[in-house]
Amino acid sequence: MSEHEPHDVTREQAEEAVRTLLRWAGENPEREGLLDTPRRVVKAYRDWFSGYQIDPGEYLRRTFEEVAGYDEMVVLRDIEFESHCEHHMAPIIGRAHVGYLPTNRVVGISKLARVVDAYARRFQVQEKMTAEIARCIQDNLQPVGVAVVIDASHECMTTRGVHKRGVSMITSQMLGSFRDDARTRSEFLDFIGINRGKR
Ligand SMILES: Nc1nc2c(ncn2[C@@H]2O[C@H](COP(=O)(O)OP(=O)(O)OP(=O)(O)O)[C@@H](O)[C@H]2O)c(=O)[nH]1
């Protein structure tokens with residue numbers, strides 16, 4: 001299910017847009033090596049931006065209630081993702097760390113990675129993506145708290161513009177107990193290795 005209005009752009013129009021960009025860059029889209037490029041680019045876009053066809057909350061609907069009294073933090077760290085920045089449409093490559101403190105609803109752990117991917121496969125701003133992941137988990141699982149930390153590098157500033165390699169951006173969104181209780185937040189940051197400079 002899409003959260004967005006269906007668009008009215010055809011595959012042919014999308015491929016023509018790629019040809020226009022190739023011409024604009026100084027290329028001849030009719031030369032042999034580029035003939036299939038528009039088709040490949042459009043196919044790649046279907047993959048990179050497949051998140052628009054997904055409702056991330058759907059992944060969190062199936063929960064396990066019998067968790068034998070487990071009421072401590074669940075953390076999934078080092079979730080690798082690829083996204084694209086909405087400013088330059090350039091790749092954002094990074095890792096997300098997600099934690100939550102369940103009430104009685106625990107979710108299959110792969111679903112947290114699926115939620116990250118569903119938001120990553122859209123045009124993004126890192127701060128927005130961080131907040132969206134946290135909000136989705138909070139709204140669907142209603143845990144005591146949620147924490148999301150994202151550490152990513154932005155190719156819009158490594159391969160162009162200011163050209164700063166090796167720079168990564170860290171964002172965090174803490175909700176509920178992770179926001180209100182310094183010890184809970186600190187335990188999460190210890191788990192993901194940020195508190196003691198392990199990364
Ligand atoms: N805060 C934030 N900034 C981002 C993100 N992705 C890209 N940017 C920045 O968005 C800004 C866009 O700046 P503009 O001045 O409009 O664009 P520009 O002229 O191409 O800027 P330069 O990149 O400095 O050459 C740049 O500073 C990017 O580094 C993001 O996820 N979060």
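Let's start at the ligand. Around the ligand sit C85, H87, V125, Q126, E127, H154, C156, M157, G161 and V162. Keep in mind that this is a predicted model. What classes of residue make up the shell around the ligand? Five are nonpolar, four are polar, and one is charged. Two helices each put at least two residues into that shell: α4, residues 126-141, and α5, residues 155-158.

Now the database view. The UniProt entry, which is unreviewed, has a "binding site" feature at C85, H88 and C156. These positions span 72 residues in sequence, yet no two of their C-alpha atoms are more than 7.8 Å apart, so they gather at one spot. C85 and C156 are also among the residues surrounding the ligand. And where does H88 lie? H88 is in the loop that runs between β2, residues 74-85, and β3, residues 91-101.

Next, the overall build. How many helices and strands does the protein have? Seven helices and seven strands. Going along the sequence, the order reads α-α-β-β-β-β-α-β-α-β-α-β-α-α. Taken along the principal axes, the C-alpha atoms fill a box of roughly 65 × 40 × 20 Å.

Last stop, the opening helix pair. Two packed helices are described by the angle between their axes and the distance between the axes. Here the pair is α1, residues 11-25, and α2, residues 37-48. Their axes come within 9 Å and cross at roughly 115 degrees. That crossing of α1 and α2 is right-handed. Which residues make the contact? From α1, they are R11, A14, E15, V18, R19 and L22. From α2, they are T37, P38, R39, V41 and V42. By class, this contact of α1 with α2 has six nonpolar residues, four charged and one polar.

To recap, briefly. C85, H88 and C156 carry the UniProt "binding site" feature, and α4 and α5 each supply at least two residues of the ligand shell. The α1 and α2 axes cross at roughly 115 degrees. That's the tour.

Methods. Residues numbered from 1 in each chain as written. Predicted model: local features only at pLDDT ≥ 70, side-chain atom pairs only at ≥ 80, totals over all residues. Near = placed C-beta within 6 Å. Helix = DSSP H or I, 4+ residues; strand = E, 2+ residues; numbered from the N terminus. Nonpolar A, V, L, I, M, F, W, Y, C, P; charged D, E, K, R; others polar. Axes fitted to C-alpha atoms, helices over the stretch in contact; angles between N-to-C directions. Left-handed = near helix turned anticlockwise from the far one by under 90°. Contact = placed C-beta atoms within 7 Å. UniProt positions renumbered as here; feature names shortened; annotations may be inferred.
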